[in-house]
Amino acid sequence: MDRILFGAAYYDEYLPTDRTATDMALMRDAHFTVIRIAESTWSTLEPRPGVFDFTHVDRALDAAEAFGLQVVVGTPTYAVPAWLVATYPEVLAVTDATDTPRYGARQIMDITAPAFRLHSERVIRALAERTAGRQHVIGFQVDNETKYYGAASRSVQRGFVRHLREQFGDDLDALNRAYGLDYWSNRVDAWEDFPDVRGTINGSLAAAFDAYRRGLVTEYLGWQAGIVREYARPDQFVTQNFDFDWAPGWSYGVQPSVDHFRAARTVDLAGVDIYHPTQSRLTGKEIAFGGDMARSIKGGANYLVAETQAQGQLGWLPYPGQLRLQAWSHLASGACGVMYWHWHSIHNSFETYWKGVLSHDLEPGPTYEEAGVFGGEVEEHAASITGLRKQNRVAVLVSNEALTALRLFRLETGFMFGESAGYNDVLRRVYDALFELNVEVDFVPFDAPDLGAYEVLLVPALYTAPQSTVDALRRYVQDGGHLVATFRTAVADEHLTVWDDRAPHGLTDVFGVTYNQFSTPDGARLAFRDGFAGGADGAAEVVLELLTPAAGTEVLARYDHPAWSGYAALTRNAFGDGTATYLATLTDLVTVRAVLADLLRDAGVWDWPQDLALAAPTVAVRRGTNGRGRAVTYLLNYSGSPVVLPAPVAGRDVLGARDVTAGQELTVGAWDLVLLED
């Protein structure tokens, strides 16, 4: 993408009056450059089967063209019309939770249902044919926030059984062995006897079903993209709006229902929605996490923030300055565009109070005005901010399969009760600590072909992985990499069968430890070796593995507990040309940050942004090289108070229009930023 896009989703269909010209004039005055249309209004576009009404699409397109705005057209397939369900009830997804789905919400369909595919194809073709020739249509979004929606109908399960037959070469004995189906008489001895998977107590089978359904999402998006590309011009992109796990009320971690790395191969440009806390809880972590993931799934390419909040839900109204800071934060992570959901606040139905750029009075207000400030800055300084590329030295390895496993075998302080943590909780504890240290990262999938591109690799809770991944981690350390893994790593193979050798499987000599017992903390704390982690003494949380170190392994922390004091909690081992560190328990964010700080220093990747993190903890540093080959440095202050610091590098203060020398005193205002270009 050779430009920065700025805009919002626009729904002429939802407006109480015809005001497209008024809205486009307001957008132009706020320096908006793009709108997204149509992705959720199938019933308006096709009110009866095969009868199309392009009134709202044409009106939005005509108005956008008249006022110089570009358009992304979304296929409307993630919200099905009532006539489709009335005629073909099987379009509604029979799910993990219910056999009796009801019409009403979005994303309630079975994306594999033949009737859904038939009618989806018709509306996609009609819309693409109608819009692709318009010169200001720059791209298409296929579907929206696509997932498999818990689909578990008989046809989906039949497809799963066909998949298993192919995977195991039609060998039921091999399937039964791999999944341990002899347990509780779950063995299957004839394919036609395969039971309803929703009732399984077998984690291997349940995880395989989820993996299969993630594959359905990839296939579905590829199918839609293929149709759209029959009409799209070479200069029009195809994107999808990927989203994340949602907890504790905003974008949080790896999406359990989509394999983003595989699904992203179906599109030209990764789109993403990132929703996050604001006001006093705005830290930038969710913006950075979502951006790093979206950038990583397309190999470091720029991505489009297809949705983020303007005013959003109650409690998200940004303080003055925050809307602008949030938008700049997206660009600092490598976004090529920021689009709000949505332009105008909707006057009825489910999202009435998920407010847009304009409030319900549809008049310009503080949110609109601040968006215009950002839009003007982007327009003025486009050459300095377009085409950001990053060369990160640290990566975090992620796995949908491990996420599924730790949903099935959740980490808990007691059987079926008490404090618990899932995969994304562990991932975010590690990621958030790195963010607070100003360590920028890429994400890599468990089967990444080249781990050696990174000096430090963090592996949170990789419960399940094939032998090839274990071997890759071994080679990574052997060849000089610095590996940091947490508890519950290399526990089970790709079928969720626990390995029957010493834990962690295949890596005991790499980490220089082993264990065969683990328990709940029961008050245990971490007792660090003198001088390590700044004397932190965080509590063990949720689970602890009782490590026995080998001779020569450094013990960086033991458990402070009357029963477990003889066991190691944090170790580091030299192996080959690299090092392998193992953290055997979860602990608080402050302690994780202190541990990682010392490990990063010892690995030689400590730099001035990490020093700045300690001196000015509310200022986040994001760096890269822009499209004209110049280094850019973002200093983002997530605080209601100004921060004074010495300029870490020399350069041009892009937004302040002045030259800055290294060491010169800089003031980064409250909820503000400084952008330096070399």
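Biologist: Welcome! Which residue in strand 20 is the bridge partner of S519?

Modeller: Happy to start there, with a word on the model first. It is a predicted one, where local features need pLDDT of at least 70, side-chain atom pairs count only at pLDDT 80 or more, and totals for chains, interfaces and linings use all residues. Residues are numbered from 1 along each chain as its sequence is written, and side-chain values use heavy atoms, with hydrogens and water left out. In strand 20, S519 has as its bridge partner L544.

Biologist: How many bridges join strand 18 to strand 20?

Modeller: Strands here are DSSP runs of E with at least two residues, and helices are runs of H or I with at least four, both numbered from the N terminus. Two strands pair if DSSP finds at least two bridges between them. Strand 20 covers residues 541–545 and runs antiparallel to strand 18, and the bridges joining them number two.

Biologist: Which strands are the edge strands of that open sheet?

Modeller: The open sheet has three strands with antiparallel pairing, in the order 18-20-25. An edge strand pairs on one side only, and that is the case for strand 18 (518–519) and strand 25 (585–586).

Biologist: Now to charged side chains: how many salt bridges does the count come to?

Modeller: A salt bridge is a side-chain nitrogen of Lys or Arg within 4 Å of a carboxyl oxygen of Asp or Glu. By this rule, the count comes to 55.

Biologist: How many residues apart are D243 and K147?

Modeller: Their side chains meet in a salt bridge at 2.9 Å, N to O. D243 sits in the loop between strand 5 (237–242) and strand 6 (245–246), while K147 is in the loop between strand 4 (137–141) and helix 6 (154–167). The pair links distant parts of the chain, with a separation of 96 residues.

Biologist: Is E677 buried or exposed?

Modeller: E677 meets R630 in a salt bridge at 3.6 Å, N to O. Buried means under 20% relative accessible area, exposed over 50% and partly exposed in between (1.4 Å probe, protein chains only). R630, at 37%, is partly exposed. With a relative accessibility of 4%, E677 counts as buried.

Biologist: What about D659: buried or exposed?

Modeller: The side chain of D659 forms a salt bridge with R652 at 3.2 Å, N to O. R652 is partly exposed at 35%. At 58% relative accessibility, D659 counts as exposed.
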